[in-house]
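Open the model in your viewer and keep the sequence panel beside it. This tour says what to select at each stop and what is there.

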Amino acid sequence: MKGIKPITRKELHHILRDPKSLIIIFMMPVFMVFIYGYAISFDLNNINIGIVDNSGSDLSAKLVGKFLNNKYFTLVGPQINEDRSIEAYERRLKSGEIDEIMIIPHDFSKKIKNRIPVDIGFVIDGSDSNTANIIYQYNEMILFSFIGEFQNIEDILQIKTKIYFNPELKSTYFFIPGIIAVLLLMVSALLTSLSISREKETGSIDLIFISPIKSYEIIIGKTIAYIFVAFAVESIILLLARFWFGIPIEGNLIVLFAFSLIYIFTGLSLGIVISIAAPDQKTSMLGTLLITILPSIMLSGFIFPITSLGEVLRWTSNIIPATYFLKIIRSVVLKGASISDFLVDGLILTLMSIVLIFIAVKKFSKLRKIAG
Amino acid sequence: MSNNIIEIKNLVKKFGRFTAVNSISFGIREGEILGFLGPNGAGKTTTIKMIMGLINITEGEIIVDGMDIVTHRKKIKDKLGYMSQKFSLYPKLNARENVEFFAGISGLSRDKVNNKIAELKEIIHPDIIEKSVENLPPGIKQKVALFASLIPDPEILLLDEPTSGVDPKMRRNFWQDIYELKKIGKTILVTTHNIDEVEYADRIVILHRGNIIVEGEPANLVREYDVDSVETLFKEAVKKNERD
């Protein structure tokens, strides 16, 4: 029993004098508690809704008012009645600009007055099955409150909901494209970060450094090699998604692969930046896993809708590459969206990859000049 | 003026508060083999890396073939070949692929790369050339690494502990190769902590805790310090420096 004390003391000294481990051990739980307890909630505050009010009556305006005069719904798209073609709204639904469409029939007011049953139509984007469920409940809640203001219309007003893109609200449809986004970034970043930190450890990087080869040639050369590997990984996951999990791939695969290329490039560049900063392979690997997995899962909209994040985290989600790729992959795979539906996301992702590869080359040249 | 191809003056390297190299000055003459000796942590690798421009110098000067490392880093790199103690080959590649890689990054044309591979085949058995380097014995790895460091045809070779982990027979073979290189006019700086190897060097510099404690020709030094061997001289010099 005498042996316990020295072991305990040594372990305590060891852990308390290792600031890097301490940061991970103490900061991570604090960070997570804050994210879950404060910044993330399953309540949706910002459901973007498109409204087609074919009735244009006082009564329909009242119903619209019920939806818009609360913190949950925000009107997006053409003003009510401006464009009644449902296709325009469906395009917005496809591009993710709106989460649902409410359609009020032209005879809404008349039917209510005459106590004839009338349908209020809702089209909900089902690609995020969780959010779709919550939106469905909010619709019900607001309609109930609308009904409450009149007498005996409970039986007349009926909700008719259509779920687009994932009619059965299967959570695998929601999770699989999301996990592809997370894994692809992680794998790409790991590939380069391990490659460079390994060369740093074995010293082979010194030989490259004294050779006449240009720094950008090293970076681009490494990147091209690993693009093939990451592509192979992506193909395997997509095949699994399609044939094992039965997820329909509605959109164009070439478009998906084109944007994957940009996304992979972003991951590879990120890996290089991390490995340059990390002193050894272990730190490089831990750092890469931490930087790629955690934010991609928590803050990209993979699990929690971005609209339900607190302000700071919502802002943070804008600098996470997975945020953009997730939109793209969900749009292409589940909604069959085309490039024009996510042009902005694609452009931001492209810009990110260019900035990151630029930083990677700069940092690498700097490392080359003052290795040590 | 001396015919030193490398001139090191008052060279200092500090890592934070730790002084790895403490104001050392020495020269390397053109075409000689200089043995750079010292126990682990003496500052040998740090000095070599400063000569290659891989680490910034804290103070002092390194002049290679009349050029200052601070201002002519790129031109100096073209004159240097380097082999590290870890051999720095890619373990999953075979010897031929390693040579192709280093030839490629040195900017050699396809024809020249092929010539290099033909040369490699003369020094390494054809059966071994296609084996992953990780499965090769240290002696062969060492040969391949030396070959790779010579690919850009450098005037000066910096060999950092090239004989570590290699058996005595292979070490002797290696030194024969070094002699051949000296014969064709290469200047060679070899670091080692195997004192028995100093007999091969034209001159030696002994480094301890960042300071030069002995410098000169092995035979002269033995006479001057009145000791039976360089090994004894080394041990006594290190001991004396530790006391001081």
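## Stop 1: α9 and α14 of chain A

In chain A, α9(A) passes α14(A) in a right-handed crossing. A crossing is right-handed if the near helix is turned clockwise from the far one by less than a right angle, and left-handed if anticlockwise. The model is predicted: local features need pLDDT of at least 70, side-chain atom pairs count only at pLDDT 80 or more, and totals for chains, interfaces and linings use all residues. Residues are numbered from 1 along each chain as its sequence is written, and chains are lettered from A and ligands numbered from 1 in the order in which they are written.

Select residues 215–244 of chain A for α9 and residues 343–369 of chain A for α14. Helices are DSSP runs (H or I, at least four residues), as are strands (E, at least two), numbered from the N terminus. The two axes come within 9 Å and cross at roughly 125°. Axes are lines fitted to C-alpha atoms, for helices over the stretch in contact, and angles run from 0 to 180 degrees between N-to-C directions. α9(A) and α14(A) are therefore oblique to each other. Angles under 35 degrees count as roughly parallel, over 145 as roughly antiparallel, 65 to 115 as roughly perpendicular and the rest as oblique.

Now show the side chains. From α9(A), A:Ser215, A:Tyr216, A:Ile218 and A:Ile219 meet A:Ile357, A:Ala360, A:Val361, A:Phe364, A:Ser365 and A:Arg368 of α14(A). Contact requires C-beta atoms, placed from the backbone, to lie within 7 Å. The residues here divide into 7 nonpolar, 2 polar and 1 charged. Ala, Val, Leu, Ile, Met, Phe, Trp, Tyr, Cys and Pro count as nonpolar, Asp, Glu, Lys and Arg as charged, and the others, Gly among them, as polar.

## Stop 2: α7 and α13 of chain A

Select residues 171–202 and 321–335 of chain A. These are α7 and α13, with axes that come within 9 Å and cross at roughly 140°. α7(A) and α13(A) are therefore oblique to each other. Their crossing is right-handed. Contact residues of α7(A) include A:Tyr173, A:Pro177 and A:Leu185, and those of α13(A) include A:Phe325, A:Ile329 and A:Arg330. The contact of α7(A) with α13(A) has 13 nonpolar, 1 polar and 1 charged residues.

## Stop 3: the chain A–chain B contact

Which helix gives the largest share of the side of chain A that touches chain B? First show both chains. 14 residues of chain A are in contact with 17 residues of chain B. The largest share of the chain A side, 6 residues, comes from helix α8 (residues 204–210) of chain A. That side has 8 nonpolar, 5 polar and 1 charged residues.

## Stop 4: chain B

Chain B has 9 helices and 10 strands. Its C-alpha trace spans about 55 × 40 × 35 Å along its principal axes.

Select α3 (residues 95–105) and α4 (residues 110–123) of chain B: they pack at an angle of about 145°, with axes 10 Å apart. α3(B) passes α4(B) in a right-handed crossing. Among the contact residues are B:Arg96 and B:Glu100 of α3(B), and B:Lys112 and B:Lys116 of α4(B). By class, the contact has 6 nonpolar, 1 polar and 4 charged residues.

Notes
Two residues are in contact if their C-beta atoms, placed from the backbone, lie within 7 Å.
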